[in-house]
Amino acid sequence: MTLPGPAATGVAVVGWGVALPDATVTNADLEARLDTSDRWITERTGIRERRVGGTTGELATAAARQALVAAEASSGSVELMVLATSTPDQQLPATASAVQDALGLGCGAFDVNAACSGFVYALVAGAGMAAMGARRVLVVGADVMSRVTDQQDRSTAVLFGDGAGAVVLDAVEGPGQLLGWDLGSDGSLRHLLQADVGGYVRMEGKEVFRRAVRVMIDSSEAALARAGLSADDVDLLVPHQANTRIIEAACERLGIPMARTASVLDRTGNTSAASIPLALGDAAAAGRLSKGDIVLLVGFGAGMTWASAVLRWGP
Ligand code: UT7
């Protein structure tokens, strides 16, 4: 599904924030209790450590609070909050309700579950609501994957971590910063990566890997085409942080050098809906984003879902 054309009301990213739990689990920690090795994890995934702990609501609140401070935005000025998560703290209500209460927001708030694609889904949904009249939208991606990971299963325990990231979107006249997007889903592939209610993540890793590379390329190209741009125009690629080899394979096929990608994977592991805003926030904090830069966000995950967004950075 793609945007029909430039909207009369666009959005601008006016603030962002990130949150990670304090506790670190290194590859050496995992090596000590599982039949795995630092070498296997590093070579096969690119992950060196991950952060674990807290609740989805706590992490989301911390990231959102930081984003509001950065945007110099009061709680009362937020007119909508969208929280992407597949690890809600409760079956109901939505974790967005707890975050809204903690932040003292007086607006509508809801969860979106598109797994690791969730943040980009929420971003596009937020931009759509801005086009419909919401003047300020808070978009958050937060997951506590450690809670749904079997810590005795080496095939998943080494991969996942916890975290949150958030952006504040302001409605602006004209097309704004979101130049193009692409959201997709193929529910016939939902068996590849799933967790029952109250259960642990089960994944057919190799098949997810193979399909992830393909959908990253196709979705990136669809969003770029909608924006009237090509991969050559991308100044910074912010991919879902699941596996360095997936990112390398997609970059090679897209013709985007790895030096132009944002990465926090080595420090965070796969944090699902938090991974893209964590990598975006890290790149911004490192001064890797300048006014006018073309930033391509691309996610993929359980569903199978995929999602891309092309942003022109800066006011
Ligand atoms: O965000 C959601 C999307 N998820 C993903 O993007 C994950 C996509 N998949 C992947 O990233 C990779 O498939 C994995 C990292 C999960 C696995 O890497 P792989 O290169 O596909 O390994 P594999 O599953 O084919 O396993 C190769 C070997 C097997 O041993 P044998 O059968 O060759 O003897 C596994 O049992 O590696 C073994 N293995 C491990 N060895 C040490 C699997 N996990 C581990 C481990 N440590 N943690």
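Reader: With which residue does D266 form a salt bridge in this predicted model?
Author: In this predicted model, the closest N and O atoms of the pair are 3.4 Å apart. A salt bridge requires a side-chain nitrogen of Lys or Arg within 4 Å of a carboxyl oxygen of Asp or Glu, so the pair qualifies. The partner of D266 is R267.

Reader: Is D266 buried, partly exposed or exposed?
Author: The relative accessibility of D266 is 28%. Buried means under 20% and exposed means over 50%, so D266 falls in between. D266 is therefore partly exposed.

Reader: Which helix holds the residue D282 that forms a salt bridge with R267?
Author: The closest N and O atoms of R267 and D282 are 3.2 Å apart. The pair links distant parts of the chain, 15 residues apart, with R267 in helix 9 (residues 265-268). D282 lies in helix 10 (residues 275-285).

Reader: Where does D35, the salt-bridge partner of R154, lie?
Author: The side chains of R154 and D35 meet at 3.4 Å, N to O. R154 is in helix 6 (residues 154-157), and D35 is 119 residues apart from R154. D35 sits in the loop between helix 1 (27-33) and helix 2 (38-45).

Reader: What is the bridge partner of I294 in strand 13?
Author: Strand 12 (residues 294-301) and strand 13 (residues 305-312) pair in the antiparallel sense over eight bridges. In strand 13, the partner of I294 is R312.

Methods. Residues numbered from 1 in each chain as written. Predicted model: local features only at pLDDT ≥ 70, side-chain atom pairs only at ≥ 80, totals over all residues. Heavy atoms only, no water. Pairing = 2+ DSSP bridges. Helix = DSSP H or I, 4+ residues; strand = E, 2+ residues; numbered from the N terminus. Buried < 20%, exposed > 50% of the residue type's maximum accessible area, 1.4 Å probe, protein only.
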